[in-house]
Amino acid sequence: MRKQASDLGGIIAMLAATAAFVAGDSFMKIVIEDLPPFEVLFLRGIAASFACAGLVTLRTEWGAISGLLNGRTLLRAAGETLATLCYVVALARLPIADVVAIMQTSPLIVILGAAFFLRERIGPTRLALALLGFAGTLMVVQPETNGVSSAALLALAAALLAAARDLVGRGVPRRIPVAVVIFATLLMVTVAGGAMSLGIETWTAPTGRHLLFLGLAGLFLAVGHSGLLLAYRLGRTASVAPFFYCLALWGVVSGLLIWGELPNTLAFTGIAVIAGSGVAIVVLDQRRGRRELALADPL
């Protein structure tokens, strides 16, 4: 009974985390309608960095701040930075539900990347589910006779780079707290956003409304990461992980409530296919893990 209550707490934390991520992206997209995307990324990064610094303080992890300079931490941050630069431009040009759905192919790309580059066995079922997820991506992207839009390609590039980030992130030493790794990432993204804005954009003075929304976007980003940490701490991975794919649901809700947009039937089907394949892989992995545990300890 206690474990069920713990799992419920983890699921609630995961739902809150995914909702926070989409809420933050929604505030960014609203501001991008008035300000250049890299300027928006820079300003949000400042707010998110301060919020994450508060998280590090609450977790009393400043003693491990030297982990910011760890090579793997920096490499992971570089992958996240490139992914975010692509993502913010895609977010400015596509409906938020489509961008979020395309980004959810990143865990599927990680599976294929682990198989090809790390020589991990994935099995035919997982391979088929991963390929099914990519088929769902095509339903969302909906290429035309003249090819895929540049915005959709940027969203796909963001998913690929996010997958590379996660593969590199496996090598980050466990002694470095997650909050410190996130802090390093936010700092690099902020600097990159500022550099891109100064290099190719014309700076537009933000209003108080813009700054408020970007402050909220940064806060929601920190809350989202905190919620992920809490979700996996409270509940079992098998119970919690599938609810990460609620990102797609929140993306649809946000698009409908704020912009009055709904994906067409084909895109809806693609979003369902991406989420379904991801959940199926999580469930398959957990069942395999339980079987391996039972074989290792038959008593």
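In the predicted model, E61 and R59 form a salt bridge in which the closest N and O atoms are 3.1 Å apart. R59, at 27% relative accessibility, counts as partly exposed.

A search of the whole structure gives 4 salt bridges. One of them pairs D34 with R209, with 3.8 Å between the closest N and O atoms. This pair links distant parts of the chain, since D34 is placed in the loop between helix 1 and helix 2 (37–58) and R209 in helix 9 (residues 208–234), 175 residues apart. D34 is partly exposed, with a relative accessible area of 45%. R209 is also partly exposed, at 43% relative accessibility. A further salt bridge joins the side chains of R165 and E80, at 2.4 Å from N to O. R165 belongs to helix 7 and E80 to helix 3 (residues 71–93), so this bridge ties together parts 85 residues apart in sequence. Both R165 and E80 are buried. Through salt bridges that share partners, E80, R165 and D166 are joined into one network. Side chains of opposite charge can pair when their charged atoms come close.

Helix 7 (residues 150–169) also holds A162. A162 has a relative accessibility of 2% and therefore counts as buried, the limit being under 20%. Apart from neighbours within four places in sequence, A162 is in contact with A83, M103 and S106. The C-alpha atoms of A162 and V110 are 8.7 Å apart in space, while the two residues are separated by 52 residues in sequence.

The secondary structure of the protein consists of 12 helices and 0 strands. The protein has 299 residues, for which a compact globule would have a radius of gyration near 19 Å; the value for the protein is 19 Å, which agrees. The C-alpha trace spans about 65 × 55 × 40 Å along its principal axes. Of the contacts between residues at least 6 apart in sequence, 88% join residues at least 24 apart.

Buried residues account for 49% of the 299 residues. The largest nonpolar core has 68 residues, and within this core M28, V40, Y87 and V88 touch the most other members. Helix 1 (residues 2–32) gives the most to this core, with 10 residues. When neighbours within four places in sequence are left aside, V88 is in contact with M28, I32, P37, F38 and L41. A second, separate core is made up of 8 residues, including A115, L129, A130 and I281. In soluble globular proteins, nonpolar side chains tend to be buried together.

The accessible surface of the protein comes to about 14700 Å², and carbon and sulfur atoms provide 68% of this area. On the surface, L249, V253, L257 and I258 form a nonpolar patch with about 370 Å² of accessible area together. L257 counts as exposed because its relative accessibility of 68% lies over the 50% limit.

Note on methods: Residues numbered from 1 in each chain as written. Predicted model: local features only at pLDDT ≥ 70, side-chain atom pairs only at ≥ 80, totals over all residues. Heavy atoms only, no water. Patch = residues over 30% accessible without salt bridge, like charges linked within 9 Å, V, L, I, M, F, W, Y side chains within 5 Å. Areas by Shrake-Rupley, 256 points an atom, 1.4 Å probe, with all protein chains shown as cover. Buried < 20%, exposed > 50% of the residue type's maximum accessible area, 1.4 Å probe, protein only. Core = buried A, V, L, I, M, F, W, Y, C linked by side-chain atoms within 4.5 Å. Helix = DSSP H or I, 4+ residues; strand = E, 2+ residues; numbered from the N terminus. Contact = heavy atoms within 4.5 Å. Rg over C-alpha atoms; globule rule 2.2 N^0.38 Å.
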